[in-house]
Amino acid sequence: MNKALEHDADILDQFTRQALPFAQRHASDGEMLRLLVEASGVGPDDRILDIACGPGLVSCAFAAKVRQVTGLDMVPAMLERARILQGEQGHVNIDWRQGTATALPFAEGIFDAVITRFSFHHYLDPAAALREMKRVCKPSGTLMVADVTPRADAQKAYNEVEKLRDPSHTRALTEAEFEALGRVSGMKLLRKITYRLESDLEGLLEASFPLPGDSDKVRDQFRNDLDKGTDHLGVEAHRRNGQIYFFFPITAFVWQMP
Ligand SMILES: C[S@@+](CC[C@H](N)C(=O)[O-])C[C@H]1O[C@@H](n2cnc3c(N)ncnc32)[C@H](O)[C@@H]1O
């Protein structure tokens, strides 16, 4: 199997199994979702594409503010969760598509805004994914990417530990790398917001599907920082009631299309 097909198989495997636990763990993301909708600057007449929509949390948050949302993901189990959430929230202006981020099944320039959260660190070719986002967005439209952005000096360790926790992880980019991607593709950075999303390590490991033996390697990396009082993972690991917690450092970039 070539590298791209192998990676697609990893995504399908992880996110079929993660669909329910991911949806449950992120059901309380309301504050972050409100920030994203606000930062995007979208309006009631806009048509939005949410790429790698997963269980539909982001799509549903935008659906309440815009005319139409299309949520796209490559994993059917995620789209099933998304339809359930849509039904629970009663949105009539969302449609769901199965597809891949680097070959979007849409014509050029048809969306007012193209958004994606927590997806770029799963891509083999982030530049190709950004090119596709641009292709389907209208001139002067909005692109928004929200993802984990590790500190430059923690990036290598962060990516290694995330790959152990979730084998479908590829590489989280730093803020500077995202800004460079946007610049090179000729987009204007309109705004950038940062957010720290707290997570408990054991709950996250339960909701992920590491290879046998790798959960302990992940725990060791967190304990190493806690025992030494360092932050080589760049996630501010801390203990509360005997449990390990940490913060995902997240940045949302809002660009304007040429
Ligand atoms: C961590 S989840 C994020 C879900 C959602 N965006 C959110 O923030 O709630 C990552 C999602 O990306 C999807 N995904 C990963 N690579 C993809 C690709 N190349 N094309 C489409 N979807 C992809 C996975 O199936 C999964 O649903």
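Helix 1 (3-25) has a kink of about 55 degrees at Ala19, shortly before the proline Pro21; the bend at a residue is the angle between axes fitted to the seven residues ending there and the seven starting there. This is a predicted model, in which local features need pLDDT of at least 70, side-chain atom pairs count only at pLDDT 80 or more, and totals for chains, interfaces and linings use all residues. Residues are numbered from 1 along each chain as its sequence is written. Helices (H or I, at least four residues) and strands (E, at least two) are DSSP runs, numbered from the N terminus.

- The buried residues of helix 1 are Ile11, Gln14, Phe15, Gln18, Ala19 and Phe22; a residue is buried if 20 or more other C-beta atoms lie within 10 Å of its own, exposed if 12 or fewer, and partly exposed in between, with C-beta atoms placed from the backbone.
- Helix 4 (76-89) is among the elements that cover these residues of helix 1.
- In helix 5 (residues 126-136), Pro126, Ala129, Leu130, Met133 and Val136 are buried.
- They lie on the same side of helix 5 because they cover an arc of only 135 degrees around the axis, taken from the directions from the helix axis to the C-beta atoms.
- Their cover includes strand 1 (47-51), strand 4 (111-117), strand 5 (137-148) and helix 7 (175-184).

**Nonpolar core**
- The largest nonpolar core has 65 residues; such a core is a set of buried Ala, Val, Leu, Ile, Met, Phe, Trp, Tyr and Cys residues joined through C-beta atoms within 7 Å.
- Ile51 and Met133 are among the residues with the most contacts inside this core.
- Beyond its neighbours within four places in sequence, Ile51 is in contact (C-beta atoms, placed from the backbone, within 7 Å) with residues including Leu72, Ala101, Val114 and Met133.

**Ligand shell**
- The ligand is surrounded by 19 residues, of which the closest are Phe15, Ala52, Gly54, Ala101 and Arg117; a residue is near a molecule if its C-beta atom, placed from the backbone, lies within 6 Å of it.
- Helix 1 and helix 3 (57-63) each supply at least two residues of this shell.

**Positive phi values**
- Ala52, in the loop between strand 1 and helix 3, has a positive phi of about 55 degrees although it is not a glycine.
- Ala52 counts as buried because it has 25 C-beta neighbours inside 10 Å.
- Glu236, in the loop between helix 9 (214-228) and strand 7 (238-240), also has a positive phi, near 50 degrees.
- Glu236 counts as partly exposed, with 14 C-beta neighbours inside 10 Å.

Technical notes: Two residues are in contact if their C-beta atoms, placed from the backbone, lie within 7 Å.
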